[in-house]
Amino acid sequence: MKTSTVGAVVIGVLLAFASVAAASGYLWSRTSSAAPATTSARPSTDGQALRPVPIPAGELVTALPPDSIGQVLCQALSQDRWNLVLGGATLREVSGDGCHLVAGALDLNLTLDRTPAALNGAKAVNIAGHPGEVEFPEPRTNARLNVHLVTAPATEQIRPYLRIGVSHTTPGVPLDELIVTVAREVVAATMTDGPALPKVGPGRAIPPKQVEPIADHGIVDAPWPMISWQLCTALVAELGGTGKPEFDGRCTVRGIQAAYTDLVSPRRYPDLIAGQPALITDDLVAVKLTGDSAQELTFTGSGRSLEAIAEHVLPALLGRS
């Protein structure tokens with residue numbers, strides 16, 4: 001890609017910046033429309049294919065589970081938009097808890113982290129109203145950028161910083177301009193008008209909120225507090241009482257706790273609940289939420305049939321009509 005071509009693309013994107021998709025709702029910006037994993041071209045054989053995910057709004061993008069971060073960042077922009085921003089046909093994949101993109105000789109990585117990258121000689125930049133810094137060292141074949149997205153302190157579930165790195169095989173390409181444009185586009189797309197992160201009280205408690213599951217997704221690939229609120233909404237509808245949501249994807253209602261995780265050690269799911277692979281024991285029901293990730297929902301507690309509860313609430317929690 002010629003330097004002049006990249007420069008023209010950067011200028012064109014900056015002029016079109018105001019046309020970035022605005023939020024169509026308060027809690028969710030939109031839902032991605034990734035191609036099926038079986039047909040999605042990827043830049044390597046090691047990465048994970050994309051699956052359709054909901055794109056959060058407000059500050060909730062900084063509270064995504066690890067398995068969902070790369071999916072959301074890769075799909076913050078549509079395929080056509082990525083092609084425009086990067087100046088050519090772009091391949092996308094999830095790599096670890098980040099997004100990896102390749103467009104010709106350009107190689108781009110994005111992730112959310114608890115700390116910023118250590119940059120040298122960085123220049124301050126404004127990224128869609130958020131403070132950022134960009135590094136573009138000699139021989140000008142790579143650039144790195146940090147954006148401080150929220151003032152909330154980093155925790156196990158909150159990652160306040162967007163980190164981006166880009167490289168090109170040819171010196172002279174204005175990667176510092178390009179990386180700023182990428183950051184502005186991604187931040188504008190994932191932080192549309194919406195809620196702030198909820199206040200966290202003792203025991204990770206957050207204020208209750210009735211939240212109906214997003215169609216076709218439910219709790220899958222949702223931010224931590226959105227998972228908790230959806231769990232409470234479904235459990236209260238099933239059991240009555242008052243829900244006690246926690247920031248880390250948990251809710252307890254009348255002694256029954258539902259808990260989400262995406263850090264499950266591999267295990268067998270010999271049973272089925274609401275069509276999903278499940279593990280049913282006397283004191284636990286575990287449900288595998290997707291076939292291409294480690295996302296799991298467990299039900300624990302006593303006094304009621306955990307299997308029956310899971311059977312009743314799971315369709316709503318998966319966003320099924």
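**Group meeting talk: a sheet, its helices and a pocket**

Good morning. I begin with two neighbouring strands: β14, residues 276-280, and β15, residues 285-288, run antiparallel and are joined by three bridges. Within this pair, Ala278 stands opposite Val287 of β15. Please keep in mind that the model on the screen is predicted.

Let us now widen the view. Strands β14 and β15 belong to an open sheet of seven strands, whose order is β10-β11-β12-β16-β15-β14-β13, with antiparallel pairing. Where does the sheet end on each side? Its edge strands are β10, at 244-246, and β13, at 271-273, and each of them pairs on one side only. From one strand to the next, the twist averages 25 degrees.

Two helices pack on this sheet. One of them is α5, residues 224-239, which touches β10, β11 (250-253), β12 (256-261) and β16 (296-300). The direction of α5 makes about 20 degrees with that of β11. The other is α6, residues 306-317, in contact with β12, β13, β14, β15 and β16. Its direction makes about 145 degrees with that of β16.

Is Arg250 buried, exposed or partly exposed? Its relative accessible area is 28%, and because this value lies between the limits of 20% and 50%, Arg250 counts as partly exposed. Among the residues that Arg250 touches beyond four places in sequence are Arg204, Ser228, Leu231, Lys244 and Gln257. Tyr260 is 10 residues away from Arg250 along the chain, yet their C-alpha atoms are separated by 6.4 Å.

Tyr260 brings us to the largest pocket, as it is one of the residues nearest the pocket's centre, together with Gln157, Trp224, Thr261 and Leu263. How many residues line this pocket? There are 15 in the lining, and they divide into six nonpolar, three polar and six charged. Strand β12 supplies the largest share, three residues. The volume of the pocket is about 260 Å³.

Finally, I would like to show some strand pairing elsewhere in the chain. Strand β9, residues 161-168, pairs with β5, residues 106-113, in the antiparallel sense over eight bridges. In that pairing, Asp107 has Ser167 of β9 as its bridge partner. Strand β9 is also joined to β8, residues 142-148, by seven bridges, and these two strands run antiparallel as well. Here Asn146 stands opposite Arg163 of β9.

Thank you for your attention.

Conventions: Residues are numbered from 1 along each chain as its sequence is written. This is a predicted model: local features need pLDDT of at least 70, side-chain atom pairs count only at pLDDT 80 or more; totals for chains, interfaces and linings use all residues. Side-chain values use heavy atoms; hydrogens and water are left out. Two strands pair if DSSP finds at least two bridges between them. Helices (H or I, at least four residues) and strands (E, at least two) are DSSP runs, numbered from the N terminus. Axes are lines fitted to C-alpha atoms, for helices over the stretch in contact, and angles run from 0 to 180 degrees between N-to-C directions. Contact means heavy atoms within 4.5 Å. On a 1 Å grid over the protein atoms alone, a cavity is a set of points where a 1.4 Å probe fits but cannot get out, and a pocket is an open set with protein on both sides within 12 Å along at least five of seven lines; lining residues have an atom within 4 Å of a point. Grid points are joined across faces, edges and corners, and a volume is the space filled by probe spheres set on the points. Ala, Val, Leu, Ile, Met, Phe, Trp, Tyr, Cys and Pro count as nonpolar, Asp, Glu, Lys and Arg as charged, and the others, Gly among them, as polar. Buried means under 20% relative accessible area, exposed over 50%, partly exposed in between (1.4 Å probe, protein chains only).
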